[in-house]
Every structure is written in C-alpha cells, then in structure tokens.
Amino acid sequence: MKKNSVLKTAALVGAMTITGAVATTTAHADTASATAQQSANTADQQLSNLKSQQTANENQLAAQNEAQYNSAANSANSQITKLQDQLKSQQASQAAQDQPALESGTAKINSAASSATASENAAYSSAVASQSAANQKELANAAQHIVTPAQKAQQESAAKSAYDKSKADLDAQHKSTLNKIDTDYNDKVSELQQQIKSQETTSEQSHDQAIADATKIVNSAQVRVNNDITVINNLKQSLEQAKAALNQAKANQKRSPFTYLKNDAKLMRLLHGLVNGASQEELHEAAVAVAEEADNDHSNDNDGYLEDPKINKDTMQVTVKNGVIITPEFNKLMSIYYASMSNYYRELLNIPKVNVNDESVQAAVENAQRSVSDGYGSPKMGHDVNALDQISAEHDSWGCSENMEWGSMDDSSLFFDSGMKNGDGVYTVSLAQAYEAVRDAFMEYLLETTDPTSEGGHAKNILGVGLPNEYSYVGFSFQPKNGCTHADILIFDQVKPQAQLLTFNNSSSKLATLQSNFDNIQDKYNEIINQSNNDKQELANAKTNLATLTVDQTINSPVIKALKEKIPQVKAERDNAISTENSNYSTQSKKLEEQYQSKIAQIKSLPTNVDQLKIQLQAKLENLKQGHEAKLADIQVNAQKQIAALKDKLAHSHDAENQPLLDQIAKIKIDLKAKEDNLNAALSTLKAHDDAAYEQLKTKLFPTNNVEAAVKGGSNSYQFGGKVVKFSTENSNITHASLPQTGNSESGLLIAFGAITSMLGLGMVAKKREY
C-alpha cells in the first residue's frame with residue numbers, strides 16, 4: 001500500500017464511530033477536524049428545522065381547512081334543514097289537497113271489493129249447495145261407490161297389465177326407429193363411398209386435362225403480353241412524334257392577339273380614363289401614348305398566332321348575300337373572337353363580361369343587312385338608328401350598334417384575296433385575315449381618341465362603360481359590299497342561352513388539336529401500360545397455377561373432397577336422430593309411468609266402506625271452502641294494492657312541484673363535497689411539495705459519495721454533512737515502518753471501509769486527534 005493511502009486510511013479510521021462508540025485509534029497523519037461533527041449536526045438540524053416548519057405549515061393548513069369545511073357544512077346543513085322543512089310543509093299541503101281524491105278513490109275500490117266479495121260468497125254458497133246435494137246422492141247410492149279389497153286388487157292388476165303392454169309397444173317402436181336410423185346411415189355412407197370410388201377412378205384424367213387447360217391459358221397470356229409489347233412500342237413512337245409536333249407548335253406560337261398591347265401604366269391610364277370620365281384632352285393624350293408605344297414595340301401588326309397567315313392557314317367557305325356575310329358558323333366564330341377581346345379589357349376594369357349566342361349573332365347579321373339596304377356603310381358612316389330599333393324590338397332587347405369602317409375593298413386583304421369584291425356569292429376566306437379584320441376594327445375604336453375631336457364614345461360602348469351590362473350579348477358581322485363591320489350589343493332583361501367563349505391565351509384551334517392528339521395518345525399509352533401490367537400478372541398467375549398442377553400429383557378433386565366431407569355430416573345427422581329418438585322415448589316412458597301411477601293412486605283412493613266415502617265427500621266441501629277463502633283473501637289484497645297505487649299516483653303528481661327543492665338540496669350537498677375535495681387536494685399538494693423539498697435538501701446535504709475510492713487512494717476527498725473533507729497529498733517524511741500496525745494492510749482497509757460505511761449510516765463522526 002502506498003504511503004499516502006495508509007495515511008488516508010488511518011485518518012478515516014480515526015474519524016469513525018461504530019455502533020455509537022467514539023473511536024480513539026491514533027494515527028501518524030492529519031485526520032478530519034472537529035468541524036465534521038459540527039457539519040453533520042448542522043445538516044441534521046437543517047433537516048429537522050425544515051421538517052418542523054413543514055409540519056407546522058401542514059397542521060396550520062389542515063386546521064384552516066377544517067374550519068372552512070365546518071363553516072361550509074354548518075351553512076349547508078342550515079340551508080338543507082330549511083329546504084327540508086319547506087318540502088315537508090309543501091308535501092303536507094299537497095296531501096291535504098289530495099285527501100278528497102284519495103277518499104273518493106278508496107271508497108270506489110272498497111265498493112268494488114265488497115261487490116266482488118258478495119259475488120264470491122254467492123258463488124261459494126251455490127257451489128256448496130250443489131256439492132252437498134251431490135254428496136247426499138252419492139251416500140244414497142253408496143253401494144255403487146264402495147269397492148272391496150279384492151276389487152281394488154283386480155283393478156290394480158288390470159292397470160298393471162295395460163301399462164306393461166303400452167310399455168312393451170313403446171320399447172318395440174323405439175328399437176325399430178333406432179334400427180331404421182342405423183340402416184339409413186349405413187346406406188348413405190355406402191352410397192358416398194361408391195361415389196368417391198367412382199370419382200377417384202376418373203380423377204387422374206381430370207388432373208391431366210387441368211394441366212392441358214392451364215398450359216393453354218399460359219400460352220394465351222403469353223400472346224397477349226407479346227402483343228402488348230408491340231402496341232406499346234408503336235404508341236411510344238407515336239407519342240414521341242405527337243409531343244415533338246406539340247412542342248414545335250408551342251415554339252411557333254406568339255402572344256394572344258388581343259394582348260399585343262402591353263397592359264402597362266399607359267394603357268391602364270387610357271382604360272381608366274374611359275371608365276372614370278376623363279376629359280377629351282386627357283383621353284387624347286393617353287391614346288396617343290399607347291399608339292406610339294405600339295408602333296415602337298411592334299413593326300408588324302400580324303404578330304399574333306390567329307392573325308398570322310404564315311402560321312394560321314385555316315380557311316372557311318362563306319356566303320355573301322345582299323352585301324353581308326350570312327354564314328352562321330363564320331359569324332359566330334368572329335363574334336366569339338370579338339367578345340373575347342372585349343372581355344379581356346372588361347375584366348381588367350371590373351366590368352361585367354359580354355356573351356355570345358345564336359340570337360345575338362343573327363341580330364348582327366340582320367342589322368348589317370338593313371344598314372346596307374338603308375345605304376349605310378363606306379363612305380356613308382354612322383348609326384342606322386331605325387334598323388337598330390327594329391332589331392331591338394324584334395328581339396325584345398335594348399340595343400347598341402357600332403358601325404366600324406374597315407377600309408375600302410381594294411385595301412382589304414380579306415376582301416381582296418377572297419374575291420368578295422365581286423359581290424354576292426360563295427368565297428373561301430382566310431381565317432387569319434378575318435381575325436385581323438375584327439382585331440383592327442376593335443383596336444381602331446379602342447384607340448379612337450387619338451383623334452383629338454373624339455370623345456371616346458365608341459370605345460366606351462365596346463367596353464360596356466355606362467351600359468346596363470346585365471345579360472349582355474354581342475354579335476359581329478361583315479359587310480363586304482361597303483367595307484364595314486358591325487358590332488351589335490343586345491341587352492336582355494333575362495339570361496339567354498350562350499355560346500362557349502374561346503380562350504385565346506396562348507392557344508389556338510390547331511394547337512388545341514395537337515394537344516388533344518397528344519393527350520389521346522398519352523391516354524392510350526397509359527391504358528396499354530395498365531393492360532400490359534394486368535396481362536403480365538395474369539401470365540405469372542397462369543404459370544404459377546401450371547407449376548402447382550405439374551408438381552402436385554395427388555388426386556383429390558374438389559368433388560372427392562366434398563363427398564368425403566359429407567360422411568362426417570351424415571354421421572352427425574345419425575347421432576342427432578338417435579339423440580332425438582332417445583329423448584322422445586324417455587319422455588313417452590315417463591308419461592306412461594305417470595299415467596300408471598295416477599291410475600293406481602285413483603284405485604287406492606276408492607272407498608271400501610261408508611265412512612271412507614263420507615270422508616271423501618266431506619273433503620270436496622273442504623276444498624270448496626279453501627278455494628273460497630283464498631279468493632276472498634285475493635280480493636282484499638288486490639284492493640289494498642289499488643289503494644297503495646292510488647296513493648303513489650297522487651304523491652307523484654306533485655313531483656314537478658317538489659323537484660326544485662330536491663334539486664337545491666342535492667346541489668348544496670354536491671357543492672359541500674366539492675369544497676371538501678378541494679380542501680383535501682390543497683393539503684395533499686402542500687404535503688407533496690414539502691416531501692419533495694425535504695428530499696431535495698437531504699440529497700444536497702448528504703450526497704452519494706465514493707468513500708471506497710477515498711480509502712484506497714483513488715480520491716483525495718469525500719463529502720459529508722454538506723462539507724468536503726480533503727486529504728493532504730504532500731509526501732510525508734514519516735516512513736512506513738514508523739506507523740503503528742495492528743494488522744496487515746488489507747485487513748486495515750476492510751476495517752476502515754466498514755467503519756466509514758457504518759458511520760455514514762448512523763450519521764456519527766469521531767473526534768479528531770492531532771499529533
């Protein structure tokens with residue numbers, strides 16, 4: 001053992017007290033000072049003081065709780081007593097109110113009971129008289145009713161013979177039934193076994209056929225899977241081509257035809273000026289600014305997909321009659337396009353949108369025809385008010401018409417290229433040029449205030465500014481004869497059927513067709529993929545089934561299995577039949593025995609002399625008397641029950657009136673219990689808090705320490721009583737030989753460790769001696 005360790009051991013041994021004795025072991029090194037004892041006393045005193053204070057607090061709270069509860073209980077009991085007195089008084093008053101009804105009802109019940117008693121007495125008297133007369137008659141003919149012992153014996157013998165015969169017949173029938181049950185069971189089992197044998201004979205052939213059928217299913221599924229692969233490859237190629245065409249179309253697509261003017265501050269200034277009543281000068285400045293920006297940003301007016309003949313090569317045949325295009329499909333398409341442009345700007349301005357229907361398109365055509373007939377058009381411009389009034393009246397609407405000049409026929413690519421300058425007839429029209437004509441006419445009036453003399457009336461009309469926009473419908477028409485277009489707005493007083501407006505935001509009929517084609521191919525591709533997965537799964541299932549059939553050579557078809565399962569069912573049916581038959585037999589045997597014993601008892605009761613006959617006859621009268629007395633008692637019992645029910649009914653008739661008082665009493669009791677629970681909970685909470693605080697302080701004052709490490713030299717300190725006891729680590733000049741030895745080093749270590757452990761358990765320390 002090291003020198004330093006020996007010194008620590010000696011110091012610890014010197015500081016320990018075992019079983020209360022003060023250790024006086026001397027050591028040649030410093031040990032713990034007297035402050036260790038003082039620290040321990042201080043720690044114990046702290047715990048004792050805390051426990052005393054906690055106990056005082058808990059007792060104080062308990063006393064306060066008891067006082068509060070007693071006060072609450074006294075108050076509650078006082079309230080309950082008052083309520084109970086009030087309830088008793090109320091119930092007494094109710095009983096007084098019910099007394100007449102109780103007396104009347106009781107009288108009726110007693111009267112009915114008296115009547116029933118009188119009827120029973122009369123019936124009993126009649127029965128006694130009748131039975132007495134019958135008794136007298138039997139006594140007069142006593143010789144006919146009296147039998148000798150020999151006659152009794154003879155009758156008993158005859159009854160016994162009859163019983164034995166019936167019992168023998170019953171036993172024979174029972175045995176026959178059991179035999180039939182067994183025979184039927186054996187026949188059914190034999191038939192099932194023959195069927196099983198027959199099925200087993202052909203089962204192998206069925207198994208071979210099943211393998212052949214399964215092979216066909218596998219081959220068929222394999223063909224479907226192969227076909228699926230071919231279709232998938234073809235559709236995949238078509239899908240790639242459709243996607244490439246769609247992407248190319250999207251790449252070629254320009255912006256929407258009615259948004260080629262940017263929705264910037266300049267355009268919004270013009271639009272809001274039209275809506276909010278800006279001055280003519282302000283509208284002129286705003287329109288000029290927008291037009292200049294459009295000229296600067298777009299040198300080519302045909303920058304939209306629909307208006308560009310290089311992109312949109314669609315055409316349509318139209319019919320011109322009386323100087324007006326009358327083809328409904330064409331006019332409807334142009335009207336929808338016009339409405340889409342108008343609605344685009346209306347949405348920006350929060351103005352209700354216009355719609356298109358067949359009636360509005362036809363009205364625009366009719367208005368154009370009448371305007372042409374009246375001589376309106378280039379060069380004569382303006383509103384044909386008479387024609388518009390007629391159209392509005394005929395269509396039961398309010399109308400607004402804009403006769404838009406589109407230019408002379410020689411300057412019009414639409415009219416020039418199509419040949420419509422030649423007059424009425426059928427012409428092939430470029431839809432791109434038609435859209436361009438509609439757009440130019442629309443934008444001409446939208447920016448009409450570039451003319452300083454214009455007040456913007458046409459622009460306001462096409463935007464719906466100041467118009468009653470409920471149920472608004474628009475129609476657009478062409479007048480090739482005089483190079484004009486018509487935009488007619490009809491406003492109805494009720495909603496009308498409307499056309500589905502086109503959406504021109506980055507879309508076109510051709511692009512939609514390509515998209516639809518791509519989507520259709522994609523759907524077919526997804527469908528064949530799903531079908532292929534299903535076919536592959538069916539192929540896998542078919543192969544698994546074939547493999548199972550090939551490996552499984554056991555012959556046990558479903559038919560054979562079902563037949564074999566019937567044998568236990570047949571046995572169960574037989575057992576049930578036997579059980580039922582035995583039960584019936586037991587019941588009938590018991591019935592025969594009871595009938596026989598009853599017959600014997602009847603024979604034994606036959607009188608053998610007049611005195612016995614008199615006793616039997618008198619017994620009949622006694623039976624009548626007992627029955628009579630029982631009926632009278634029942635009448636009284638029933639009467640008392642009726643009276644009790646009447647009382648209960650009358651008492652419960654006041655339940656609604658008495659319930660509030662009962663509820664108040666119940667609530668007071670509940671509140672008092674809640675008060676008690678809250679007070680107890682508060683006290684429990686305080687005790688739990690005190691216990692936790694006590695344990696926390698105890699842990700702080702007496703922490704767990706590694707005393708053994710200190711003893712062995714692995715540590716130069718240990719804690720006790722809230723203090724840290726340290727050992728000197730300086731080398732001592734005292735040699736190992738100069739220390740007093742009372743045993744070997746290991747024994748000393750064990751003794752020291754035991755002493756320390758005992759000291760910590762008892763909370764005692766020994767005095768320190770210094771040398």
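## Overall make-up

The secondary structure of the protein comes to 18 helices and eight strands, where helices (H or I, at least four residues) and strands (E, at least two) are DSSP runs numbered from the N terminus. This is a predicted model, in which local features need pLDDT of at least 70 and side-chain atom pairs count only at pLDDT 80 or more, while totals for chains, interfaces and linings use all residues. Residues are numbered from 1 along each chain as its sequence is written, and side-chain values use heavy atoms, with hydrogens and water left out.

Of the 771 residues of the protein, 35% count as buried, a term for under 20% relative accessible area, with exposed meaning over 50% and partly exposed in between (1.4 Å probe, protein chains only). Among contacts between residues at least 6 apart in sequence, 79% join residues at least 24 apart, a contact being heavy atoms within 4.5 Å.

## Nonpolar cores

The largest nonpolar core has 53 residues, and those with the most contacts inside it are Phe330, Met334, Tyr345 and Leu463; such a core is a set of buried Ala, Val, Leu, Ile, Met, Phe, Trp, Tyr and Cys residues joined through side-chain atoms within 4.5 Å. Apart from this core lies another, of ten residues, among them Leu239, Phe518, Ile521 and Tyr525.

Leaving aside residues up to four places away in sequence, Phe330 touches Met316, Val318, Ile325, Val429, Leu431, Ala434 and Phe478.

## Helices H7 and H8

The axes of helix H7 (residues 328–348) and helix H8 (residues 358–373) come within 10 Å and cross at roughly 105°, the axes being lines fitted to C-alpha atoms over the stretch in contact, with angles from 0 to 180 degrees between N-to-C directions. H7 and H8 are therefore roughly perpendicular to each other, the term for angles of 65 to 115 degrees. Asn331, Lys332 and Ser335 of H7 make the contact with Asp358, Val361 and Val365 of H8.

H8 has 16 residues and reaches 23 Å from its first C-alpha to its last, close to the 22 Å expected at 1.5 Å a residue, a span taken as 1.5 Å times one less than the number of residues. The buried residues of H8 include Val361, Val365 and Glu366, and just after H8, Gly375 takes a positive phi of about 90°.

## Ile603 in helix H14

Ile603 lies in helix H14 (residues 558–604) and, at 3% relative accessibility, counts as buried. Although Ile603 and Glu156 are 447 residues apart in sequence, they are 6.8 Å apart in space, C-alpha to C-alpha. Not counting residues up to four places away in sequence, Ile603 touches Lys152, Gln155, Glu156 and Ala159.

Notes: Angles under 35 degrees count as roughly parallel, over 145 as roughly antiparallel, 65 to 115 as roughly perpendicular and the rest as oblique.
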